[in-house]
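Have the model open as you read.

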Amino acid sequence: MTSSGDTFLPRVELTDDTSLLANEAAAGGATATANANIALVKYWGKADEDLIIPRTSSLSLTLEGLETTSSVCFREDSTQDRLFIDDVERHGKALNRVSALLDLVREQAGIQAGAVVMSRNTVPYEAGLASSSSAFAALALAASHAAGLRLNDTELSRLARRGSGSASRSVFGGLAVWHAGHDDPSSYAEAVDCPLDLAIVVVLISGKPKKISSREAMRRSVETSDLYDAWVRANPRDLERALRAVKAGDIKALGEVAQGNFLGMHATMMTAKPPVMYWMPGSVEALQAVDELRQDGLPAWATMDAGPNVKVLTTAADARRVEDELRLRLPRCAIHTHLAGPGVRLL
Ligand code: 2P0
């Protein structure tokens, strides 16, 4: 779950009462783990804000090591939902977004019970890498299972999408394409076969929560950027080239599409009114370092999301060298490699 817009409370020790709830959520309900994904062809802008139907299709890589595990338990004695993320009870926007997804599950299952949701991230919630993609994919599976629903992957992807668009892709391991579609049944993700062993090296420029949420930033791009329509028009070509590159096992072609695609997305933000500028000086330094690596013959292409951090696409075989070379050039940055990770699963 992205940290922006959430209500931050001081970290508190779990009381006996909340420990009890945690145990109950894990024991009486269902627990699921999902991994975050990074898009190589981005989702940026909605055609339908309520249903979260995107303006464009997208392609992503699910990563190991960036996980959310969520336990959900419905309680007949309460109609209130309670949410704990990394042992801190959350209210406000974070709880409202979770409750909205739980409402869809309750509607499908024909129940009214409130739920206790316990969610944990393997990276600190505030570090700017805990993604809404892993959070809502884990929540969709744990909540639907706890409510007695047995959804197939397509149904699960559609449900996760309603929590956060990118979560539709974290249902699947490795590469996934999210077909934009035009209504709820037609907008879902599916797995893409990939002969390449891909990896993403994350260069952490800042772990601070962003001031403008991706939801707000994409809305502003859609409504006010003169470049937005061009970005939408370029999407089918980018996606087709990316899928062709994957099929051919051509990382160079894939990397070039990914790099051009993220720059186009950021161009729509920078030309929004008022502009959204997530880049920091360290982002530019990292982008230049990635260019240098490529000039030295290493397979390395950059992508960025709604924040200052730089993610570097490479192969699993080259990831260690890419990581070492980036460390030499960017000694102040935390740098970690993430290989392709699995899809959402029940524990
Ligand atoms: C993506 N991002 O394709 C793009 C690229 C960020 C930049 O999906 O409003 O948190 O909840 O559907 O999924 C981040 O947006 O947005 C995102 P909502 P989400 O990964």
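How much accessible surface does the chain have, and what share of it belongs to carbon and sulfur atoms? The accessible surface is about 14,600 Å², with 51% of it belonging to carbon and sulfur (areas by the Shrake-Rupley method with a 1.4 Å probe, and for residues only the protein chains shown count as cover). Keep in mind that this is a predicted model, where local features need pLDDT of at least 70 and side-chain atom pairs count only at pLDDT 80 or more, while totals for chains, interfaces and linings use all residues. Residues are numbered from 1 along each chain as its sequence is written, and side-chain values use heavy atoms, with hydrogens and water left out.

Now for the layout. You'll find ten helices and 14 strands (DSSP runs numbered from the N terminus: H or I of at least four residues for helices, E of at least two for strands). Of the 347 residues, 55% count as buried (buried is under 20% relative accessible area, exposed is over 50%, and partly exposed is in between, with a 1.4 Å probe and protein chains only).

Moving inside, the largest nonpolar core has 49 residues (a set of buried Ala, Val, Leu, Ile, Met, Phe, Trp, Tyr and Cys residues joined through side-chain atoms within 4.5 Å). Its largest share, eight residues, comes from helix 3, residues 132–146. At least three residues come from each of domain 1 (19–195) and domain 2 (198–339), with bounds from an automatic or database domain assignment. W44 is one of the residues with the most contacts inside this core. Beyond its neighbours within four places in sequence, W44 is in contact with residues including T56, S214, W231 and A306 (contact means heavy atoms within 4.5 Å).

What about charges? The whole structure holds 24 salt bridges (a side-chain nitrogen of Lys or Arg within 4 Å of a carboxyl oxygen of Asp or Glu). One of them joins E49 and R219, at 3.0 Å from N to O. E49 sits in the loop between strand 2 (46–48) and strand 3 (53–54) and R219 in helix 6 (residues 214–224), so this pair ties together parts 170 residues apart in sequence. Also in helix 6, four residues apart, R220 and E216 meet in a salt bridge at 3.3 Å, N to O. R220 is buried, at 15% relative accessible area, whereas E216 is partly exposed at 29%.

Helix 10 (residues 319–329) holds both E325 and R329, about one turn apart, and their closest N and O atoms are 2.8 Å apart in a salt bridge.
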